[in-house]
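Hello,

Please find the structure below. My notes on it follow.

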Amino acid sequence: MSVATTQKSVATTQKWSRFGWAALTYLVVFLLIFPVIWMVITGFKSEVAAISIPPTLFFVPTLDQFAQAINGGFSAYLFNSVVASLVSTTLALILGIPAAYAMVFQMRKKSADNMLFFVLSTRFLPFAAILIPLFVIITRLNLLDNLFTLIIVYTAMNLPLIIWMSRSYFLDLPKEVLEGAWLDGCTTLQTMLLIVVPMAAPGLAAAALLSIIFAWNDFFFAVTLTYTETPTLPIMVAVFTSNEGLFLAKVSALATMIILVPVLIGIYAQKHLVHGLTGGALK
Amino acid sequence: MSQVAQAPQKFTLPGMHRRTTPAPTIEGRAGRTWWHLPALVFMITLTQIPFLLAVWFSLHSWNLLVPSEGFPFVGLANYITAFVSDPNFWPVMWNTVQLVVGSMILALIAGTILALLLNRPIWGRGVLRALATVPFLATPSVMALIWKNLFLSPSSGMVDWLFHLVGLPNVAWFSTFPLQSIMFIVAWEWTPFVMLVILAGLQSIPDEVMEAAKVDGANAFMTFWRITFPLLRKAYEISLLFGTIFIFQTFAEIYITTSGGPGVSTNTLPYYTYRTAFTSFQIGQASALGVIGVILAIFAARGMLRLMTERTVSERN
């Protein structure tokens, strides 16, 4: 009897403790992302409701601020952001995949390791140091405030990421299949394009998505190199607040639209996030 | 040929002996390739050559506001200026250390707590994990602006409203605690990164180890401190090194919230480098600051590259 009661109470305690941990976890995650949640909510408010203290929780949602933000030249900024991130990622893939292929399947171990070391070290170079000479070169070449410049710089920024991610996915491929391809008389180009790339496609897609996020989120190069003529979306927010004063709801609506892309992509590619960022040092 | 001759012990496939020319196999590693060259040339052109130029600029005096002075060679004078006569340099270095160390510690603590919570089997764990990564994914410049105006603003900020509710005085965060405010925002952004790395580390700990600890009667705290934490050493090393290198480069958060002010109180070395070049137009001096930054980053990166090559050796053998 007493044994049964003890067992029952242990089970109850365990159940409650499990519930308690779950509740705590939900609360902590909620607090962590509260700024984002509140920003999204504010985007649907009127300006008056957005600025009121104490904060209004109940209000009639409106899409006015989104409409205003879109009418404020959003599409031009969007175009620059989309082109810069997509084209730079494509270029980085075109340059990076053959390089990773060479490192994994063709180069001698020593040179492949040297190449990896070089690739990684370029990614860790502080941007501030190379910005000044780049700026001088770009000015001399008359390429300041040009979308092309931004594309090239983002390609350079993301190429190491593409190479080290592709490399680690290529290393994981079953070697038998590749042997088979070579025995069947495939050329190296065929092996890469028809066998290796399709087999590593999920990993390569994740690399491309991460590269898009990095380009999309960049502020440093965008603000220094192409601020006036071809600004991207992160610049739009900065311009928006400095030119028009502070409209909390409108800024929130704009911010919501801008972060939507990297957040959705990042959540989709979540499994590859750590792997990609740490260069495969941790699976 | 000799390369292939060594291979067959490891790889014996039907038909292999019939080959007359060596295939470019993994085992063979013929070493003849140019496929890495386009990428290599591209990276050298956009990173190494500019860096060498920065070194060259740093040995010259070059002020865009005084073009008549030209581009005279001054040796190490710019470096001496930075270390000795520039009153801002050491405060800026100290800001940099504070920002990197402060944000890193906060992110490590918060990230560990989140990872431990999200490692437990609870309903909706996948969704919670995905949601928890949002601060890291969201555009930093945009979120800095939101933090500044929706939360840390003395007039319309939610934090100050909460302070008011509990009877605390209003705080003008970005003028009273400028560096700490930025530190907090940066830590918020990097917490999910630490969480993801620690979660990956936690998942690599075998269940048997945890069960053995439970059987031996270890409580939750002892299990974490004596077993989990030591086994997560590599995950912490990675978080620390990557976090440090990327937080060192913090730019948008400073630019958007304080623009480096008040005074130079929120200038970090990369931001100060940018400002010296783009608002004071002292290209030579700024290049010297940039080179100093690179040297610091190399020290940090060496540790990380050691970690990477460790894995390279293990996965090849």
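Is F281(B) buried, partly exposed or exposed? F281(B) is partly exposed, because 15 other C-beta atoms lie within 10 Å of its own. The cut-offs are these: 20 or more other C-beta atoms within 10 Å make a residue buried, 12 or fewer make it exposed, and anything in between is partly exposed, with the C-beta atoms placed from the backbone. F281(B) sits in the loop between α15 and α16 (283–316) of chain B. Its phi is near 60°, a positive value in a residue other than glycine.

Before the rest, some conventions. This is a predicted model, in which local features need pLDDT of at least 70 and side-chain atom pairs count only at pLDDT 80 or more, while totals for chains, interfaces and linings use all residues. Residues are numbered from 1 along each chain as its sequence is written, and chains are lettered from A and ligands numbered from 1 in the order in which they are written.

Two chains together

Chain A and chain B touch through 88 residues of chain A and 90 residues of chain B. Two residues are in contact if their C-beta atoms, placed from the backbone, lie within 7 Å. On the chain A side, helix α1 (residues 2–43) gives the largest share, 13 residues. Helices (H or I, at least four residues) and strands (E, at least two) are DSSP runs, numbered from the N terminus. That side of chain A has 65 nonpolar, 17 polar and six charged residues. Here Ala, Val, Leu, Ile, Met, Phe, Trp, Tyr, Cys and Pro count as nonpolar, Asp, Glu, Lys and Arg as charged, and the others, Gly among them, as polar.

One pair of helices across the two chains is α3 (residues 64–106) of chain A and α2 (residues 37–58) of chain B, which pack at an angle of about 120° with their axes 7 Å apart. The axes are lines fitted to C-alpha atoms, for helices over the stretch in contact, and the angles run from 0 to 180 degrees between N-to-C directions. α3(A) and α2(B) are therefore oblique to each other. Angles under 35 degrees count as roughly parallel, over 145 as roughly antiparallel, 65 to 115 as roughly perpendicular and the rest as oblique. The residues that meet are L95(A), G96(A) and A99(A) from α3(A), and P38(B), A39(B) and F42(B) from α2(B). By class, this contact has five nonpolar, one polar and no charged residues.

The nonpolar core

Which residues touch the most other members of the largest nonpolar core? They are Y101(A), M103(A), V237(A), L254(A), A255(A), V142(B) and V197(B), in a core of 169 residues. A nonpolar core is a set of buried Ala, Val, Leu, Ile, Met, Phe, Trp, Tyr and Cys residues joined through C-beta atoms within 7 Å. At least three residues of this core come from each of domain 1 (2–43) and domain 2 (64–277) of chain A. The bounds of these domains come from an automatic or database domain assignment. Leaving aside neighbours within four places in sequence, M103(A) is in contact with A112(A), M115(A), L116(A), R167(A) and H36(B).

The C-alpha centres of the two domains of chain A lie 38 Å apart. Their contact takes four residues from domain 1 and eight residues from domain 2.

Chain B has 16 helices and zero strands. Of its 317 residues, 43% count as buried.

S141(B) is in helix α7 (residues 140–151) of chain B. S141(B) is buried, because 26 other C-beta atoms lie within 10 Å. Beyond its neighbours within four places in sequence, the contacts of S141(B) are F219(A), P234(A), V237(A), A238(A), A252(B) and I256(B). S141(B) and F251(B) are 110 residues apart in sequence, and their C-alpha atoms are 8.6 Å apart in space.

M195(B) belongs to helix α10 (residues 178–203) of chain B. M195(B) is buried too, with 29 other C-beta atoms within 10 Å. Leaving aside neighbours within four places in sequence, M195(B) is in contact with G111(B), L114(B), A115(B) and A132(B).

The peptide bond from G261(B) to P262(B) is cis, with omega near -10°. P262(B) is in the loop between α14 (252–257) and α15 (269–278) of chain B.

Regards
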